[in-house]
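I opened my notebook with the structure on screen. These entries record what I looked up, one topic at a time.

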Amino acid sequence: MNMEDRTSAALRIDGERLVARLAELAAIGAIENSGCCRLALSDDDRRGRDLVVGWMRELGLEVSIDPIGNVFGRRAGSAADAAPVMTGSHIDTVRTGGRYDGNLGVLGGLEVVATLNDAGITTRRPLVVAFFTDEEGARFAPDMLGSLTHVGGLALDQALATVAIDGKVLGAELTTIGYAGTAALGEPRAHAFVELHIEQGPVLNIEGLTIGAVENVQGISWQELEIVGQSNHAGTTPMRLRHDAGYCAGEIVHFVRSLAREMQGNQVATVGKIDLFPNLINVIAARATLTVDLRNTDEQLLLEAEARLAAFLLQLARDEGVKISTRSLARFEPVNFDQGVVRTIAEVSARLGYSQRRISSGAGHDAQMLARVCPTAMIFVPSIKGISHNPAEETAAADLAAGANVLLHTMLELASAE
Ligand code: HGY
Ligand code: MN
Ligand code: MN
């Protein structure tokens, strides 16, 4: 092993600097119980973006912004024209977000750059640290919208025309926050992509393990249902004459839960959003709009869950004399990551002395989109009690540092490859 190899092998990130940056970013859009709310393309998202772009520039990265607002910070390599090794994630959050979901992947990437800068190491391949627009999809569906557009899975004009749950149009919001960029869409084309992320589930925490080498992401099916019944007087209308959209919404909530329980395995189902109209105590609801989130690691089983829901809706509409229409908000098949990159993550983790296992991802991630265009995998660190999308989201500082160290050495390996 030559001097440089010995130096880089001993390299470790600065955990305190990483935790300090996570705290500083979390202060933007801070909510009670040390949570975070930076919905995509909101003014808080703009403030978070400005802070991270400032850090990119301080670290000497060349910053580019594409037309959907994805941001890339590039660090030169000795092989100037070689395709870069890319890392990154997202800094938009859900409304009840924590400080690590997405943010760890972006700030972990900046910590890798800071560590290499401090050590005066230039990698063979350039490195890129990215954050992608609207990963959460909570305001503008689908989720992973920015990375999906980056890999050509969604046409730019269609992405820009997306309407938010609050009625705003994505392109206009992007212009308002000043992140409608001009860099070529789809650039840079990465040699490989590695995303550091909290697990957001309980597996690593329960098993007392530090690192998850993520092999795959489950399939996702998001639908918006609109039920049109008939508003009527809650006191005078006989039960047999009601066309109660609120009751139908409740039946659907119960059905999806029962469906997941009955299918068992990896099937999960959630109705996370329900709006009733007119939403008044003494009026039978005329209309109900709700969302259904179905997921499974097996595409055939996910199709079965969707088909069984569709049959239930038909029967419910008939029984209750209501009209039920559905609109797909997101539909992504399960994704298998590159076994070579997964192996590198596992080998690096072992070399650094971290306990680890192969693991699946229940959540969607930008990496599942980058996997369409280059060898990709993810590094998970434990979520205490598996809590996420909740201000109580927590990961031990030692685990944050471990994840960033595995990211550092995985990127070093990938960046030295021909
Ligand atoms: O919904 C998800 O899985 C991710 O948080 N966007
Ligand atoms: Mn995330
Ligand atoms: Mn999330």
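**Entry 1**

The model is a predicted one, and I read every value below as computed from it.

Next I looked for aromatic pairs and got a count of 3. I took the pair of Phe255 and Phe312. Their ring centres are 4.2 Å apart and their planes are at 10 degrees. Planes under 30 degrees apart count as stacked, so this pair is stacked. I then placed both rings in the chain. Phe255 is in helix α9 (residues 245–263), and Phe312 is in helix α10 (residues 299–320). The pair therefore ties together parts that are 57 residues apart in sequence.

**Entry 1: Phe132 and Phe193**

I turned to another pair. The ring centres of Phe132 and Phe193 lie 6.2 Å apart. Their planes meet at 65 degrees, so I noted the pair as edge-to-face. Phe132 belongs to the loop between β6 (127–131) and α5 (145–150), and Phe193 to strand β7 (residues 192–198). This pair ties together parts 61 residues apart in sequence. Phe132 and Phe193 are both buried. I also found that ring pairs join Phe72 to Phe132 and Phe193 in a cluster.

**Entry 2: Charges over rings**

I checked for arginines over ring faces. Arg21 lies over the face of Trp55, 5.2 Å from the ring centre. Arg287 has its charged end over the ring of Phe277, at 4.6 Å from the centre.

**Entry 3: The manganese ion (ligand 2)**

Which residues coordinate the manganese ion (ligand 2)? I listed His90 (NE2), Asp101 (OD) and His197 (NE2), at 2.1 to 2.3 Å. Along the chain these donors follow the spacing H-x10-D-x95-H. Asp101 sits in the loop between β5 and α4, while His197 is in strand β7. So Asp101 and His197 tie together parts that are 96 residues apart in sequence. I looked up how covered these two are. His197 counts as buried at 1% relative accessibility. Asp101 is buried too, with a relative accessible area of 5%.

Asp101 and His389 link distant parts of the chain, 288 residues apart. I found His389 in the loop between β18 (376–381) and α13 (397–416). His389 is partly exposed, with a relative accessible area of 38%.

Which residue bridges the manganese ion (ligand 2) and the manganese ion (ligand 3)? I found that Asp101 does, with the two ions 3.5 Å apart.

**Entry 4: Ligand 1**

I then listed what surrounds ligand 1. The residues are Glu135, Glu136, Asp143, Trp222, Arg295, Ala363, Gly364 and His389. A polar side-chain atom of Glu136 is 2.9 Å from an oxygen atom of ligand 1. An N or O atom in the side chain of Arg295 lies 2.7 Å from an oxygen atom of the ligand. Gly364 contributes a polar backbone atom, 2.7 Å from an oxygen atom of ligand 1. How much of ligand 1 does the protein bury? Taken alone, ligand 1 exposes 210 Å², and the protein buries 95% of that.

Most residues other than glycine have a negative phi, and most peptide bonds are trans. I looked for exceptions.

- The peptide bond from Ala141 to Pro142 is cis, with omega near 10 degrees. Pro142 is in the loop between β6 and α5.
- Another cis bond runs from Glu187 to Pro188, with omega near -10 degrees. I placed Pro188 in the loop between α7 (170–176) and β7.
- Asn33 has a positive phi, near 60 degrees. Asn33 lies in the loop between β1 (30–31) and β2 (35–36), and is exposed, with a relative accessible area of 61%.
- Gln264 has a positive phi as well, near 50 degrees. I found Gln264 in the loop between α9 and β11 (268–270). At 55% relative accessibility, Gln264 counts as exposed.

Note on methods
Residues numbered from 1 in each chain as written. Chains lettered and ligands numbered in written order. Predicted model: local features only at pLDDT ≥ 70, side-chain atom pairs only at ≥ 80, totals over all residues. Heavy atoms only, no water. Helix = DSSP H or I, 4+ residues; strand = E, 2+ residues; numbered from the N terminus. Buried < 20%, exposed > 50% of the residue type's maximum accessible area, 1.4 Å probe, protein only. Phe/Tyr/Trp six-rings, centres within 6.5 Å; stacked < 30°, edge-to-face > 60°. Lys NZ or Arg CZ within 6 Å of the ring centre and 35° of its normal. Near = heavy atom within 4 Å. Polar contact = N/O pair within 3.5 Å; in protein donor to acceptor, adjacent residues only side chain to side chain. Areas by Shrake-Rupley, 256 points an atom, 1.4 Å probe, with all protein chains shown as cover. Donors = N, O, S within 2.8 Å, 3.2 Å for Na, K, Ca; no water.
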